[in-house]
Amino acid sequence: MTHIKQAGTVGLDELLTHEAWVRRVARSLVRGEDAVDEVVQQTWFNALRWPPRDASNLRGWITTVVRNVVRREARSGHRRPTPVDEFPREPEAPASSSRSLEAIELQRRVAEAVLGLKEPYKSVVVLRYYDNLSTAEIARRLGSAPGTVRTQLGRGLARLEQRLDGVYRGTTRVWRVAALGWLEHTPGVPAAARPARRAASAQTSSNFAGAAVATTVGVSLLMIVGVVLELGEAGDDERTAGEPSVQHAAVGSSFVPSSPPPAAVPPVAASSVPQTAPAPAPPQAATTTFETEAPSSVRVATRDEPTWATDPFPPASLRGMLHIPAGRTTIGSSVEDVLAIAKAEGLLLGSTPAHRPRLQMLAAEFPRHVAEVDAFSIDTHEVTNAQWQAYLDATGRQAGEWLVEYGWPGGRMPDGGELLPIANVTLAEVREFLAWCGKRLPTETEWVRAARGDDDRSYPWGPAWRTTAAVYGGHRPLAPQAVGSASGVSPFGVHDLAGNLYEWVDATYTPFEGFEPLRLPAPGTRSGGHTVVPEFDAARAVIKGGCFVSPSSHLRIDSRVGISPDESDAGLGFRAARSAIAGADTIVHAYKRLLPPRIPSVGQLDLEQTFAAEAYSYEEIQEHPILTGYRYLAFVPLKPSRGPGLRSLRRTSPAEPVTVGLLTTSEDLRSPELPAGEYVVAYRAAGRLRRETPPETVDERELPVGQRLHDIESPRDRDVFLFYNVNNAVVGWVPVVQESQLPAQPVSARCSTSGATWSIGFSHDVVGPSVPRFEMELWLERGLR
């Protein structure tokens, strides 16, 4: 073996502490990761063959070595021979039988460690070092970007090293010799494929005489690894080929069909209703190259494109919901209407304290006014027991205390009660259900719009009361009935908006604008009397529609009651609504869970520019669709504001990353490597601080991502998007795919044919005729279907 370290020189461990510096200098001198790998490899062999004797300025010495390597290669016009060819090994001593067995055992453990790696790290390590494929070839085979393959390869080798270091504790690290066998002796493996750490391990090889036997065994074991891997890949290919590819993605208020990628990511027309969308490819980092003369300051990450979906997908319908168009609707009652109802109920004849609550309830309807309502969707029926049970089953939750005590003995839905409306649930429980399914409560104005339509009718079915139209106090038996049992239907086809159960709406029990106390005349006169003021309370919530024990006058559209949000009752249920902008409600739920200090108000989110990819699953119960699952990926940028241009952002963001939006997903991410959840996204340009405070060295890897308090390490040599958790700690990052200064454009999105790779383009801030625009790429563990 060639002995590399010389007496009286700087030690190997001290040199290896500057490994990141070697790569950084190489990247500043050459382009392309393959060229960088070659320079780094040659630098390490030179440095280890002729190490410095003085450690006072190691970085300066290493920089000189790197520059000399680059100059030498530039003069020669071609890459130098591999170090194995240039420095042939001395003849090795014959191995004893005991050492040969030791070598075989060592190689077996290395192979087991490789097989024990998780995907995609196992695949890229074996394809690189067993199949002798370049990163570009691996990328084409796996449908990934070369930068992603390089990142996966680095992480895979780091995990392999960590695992083997745990087995072979100490300073010798004999396992490196076994790895060196198949990294350096496998026929045709280029020098760039041999990481510097493995090259450095040649220092210890003289202590292991059985390296030649180890090499042969290592190659054989890696062939077994390759066979196992190829079988796995074949299975994956068969499964992928047989799976349908349906996607739905929405941006803003219009549907976005996925389109093939041009050179720069153009805006795609926005979209609103969920659509059916594709699935994935692998993750992570691309190598960023810089255009020095581009007037628009475009910076593009060098990478291979995924296979983008080109077929348009029809919008996916929301089963069990009805679309309510935008329009004007009349809200509330006039004084004349209130007095007429009070008179019909005998409340004006010798008014007594017992009448006051009812009079206050009527007074809360005043004044009558007209409101503009945006388009939205609403459930055709009230949420049923079957739907609530499906929610509990999907989330692993248990039935609430009041539901168990008064409706579901034992915590399970009673037999035969599938289509009864769910009752005995609190407002907090209702909101958790709505967050699970990506919906929300209707506002009071929306509820009235769905019930009244474009006229001023008193009941959902028309101007006059009809006894068969609703389940109310005059109905027998005095109990809730299956949804849709009564004949009363609103102009838009919504059932049971009057009677059966009261319904929660998203409104506080406060007066309408322009409210004045109701003045009641004394009996038999047109003057005198007394004033009625409702007991408004912003801490109380509004319920509407009446229930199975209510008199007919309580079932009027304008009737409103205020109760505590903690209230739960057998006569109180709800129905869900959904905004016309796909994913907007999901984003709001995510914001409320996160409450990020970087985004002080939900009003700072540009919800009209929401991008969402969504997938729904249903089952049928007596012809009623029951939602069983909701999967999503949603991103929203911040609202436009007067802000700096791209050049200014590049100068300031290294010190203080700039918040650009909010991301939420039900899926685990492969790039960035994060679990499902919600994250604030910030932009940070390449560059280091002049006085950078070293980060705290706190190992939080065992903590859930949401509980971590300290930033993870992220590269400073490239432009990145950072992902912050609920504690405002950086927990993930991805490279910026593209950034430019362009005229303001709507959010755009495209996805791979499998639905797992999503590229999102969005603008940030407003500065005259052009604004900073970015492209972010996310990789899901499984495609949205």
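I started with α18, which lies across β5 and β8 and runs at about 75 degrees to β8. Contact here means heavy atoms within 4.5 Å. Axes are lines fitted to C-alpha atoms (for helices, over the stretch in contact), and angles run from 0 to 180 degrees between N-to-C directions. Helices (H or I, at least four residues) and strands (E, at least two) are DSSP runs, numbered from the N terminus.

Before going on, I noted that this is a predicted model, where local features need pLDDT of at least 70, side-chain atom pairs count only at pLDDT 80 or more, and totals for chains, interfaces and linings use all residues. Residues are numbered from 1 along each chain as its sequence is written, and side-chain values use heavy atoms, with hydrogens and water left out.

Next I looked up the sheet under that helix. Three strands make an open sheet in the order β5-β8-β15, with antiparallel pairing; two strands pair if DSSP finds at least two bridges between them. β5 (321-324) and β15 (577-579) are at the edges with a single partner strand each, so one side of each has no neighbour in the sheet. Neighbouring strands are turned by 25 degrees against each other on average, direction ignored. I found three bridges joining β8 (residues 376-379) to β15, and isoleucine 378 stands opposite alanine 577 in β15.

I then checked another open sheet, four strands in the order β13-β12-β9-β14 with mixed pairing. Its edge strands, β13 and β14 (572-573), each pair on one side only. β12 and β13 run antiparallel and share three bridges; valine 542 has glycine 562 in β13 as its bridge partner.

On to the second largest pocket, at about 730 Å³. A pocket is an open set of points on a 1 Å grid over the protein atoms alone, where a 1.4 Å probe fits, with protein on both sides within 12 Å along at least five of seven lines; lining residues have an atom within 4 Å of a point. Its volume is the space filled by probe spheres set on the points. I counted 31 lining residues, with Arg440, Ser579, Asp585, Val588 and Leu607 nearest the centre. α19 gives the largest share, six residues.

Last, salt bridges (a Lys or Arg side-chain nitrogen within 4 Å of an Asp or Glu carboxyl oxygen): I get 29. In one of them, aspartate 558 meets arginine 368 at 3.7 Å, N to O. The two are 190 residues apart, in loops between β12 and β13 and between α14 and β7 respectively.
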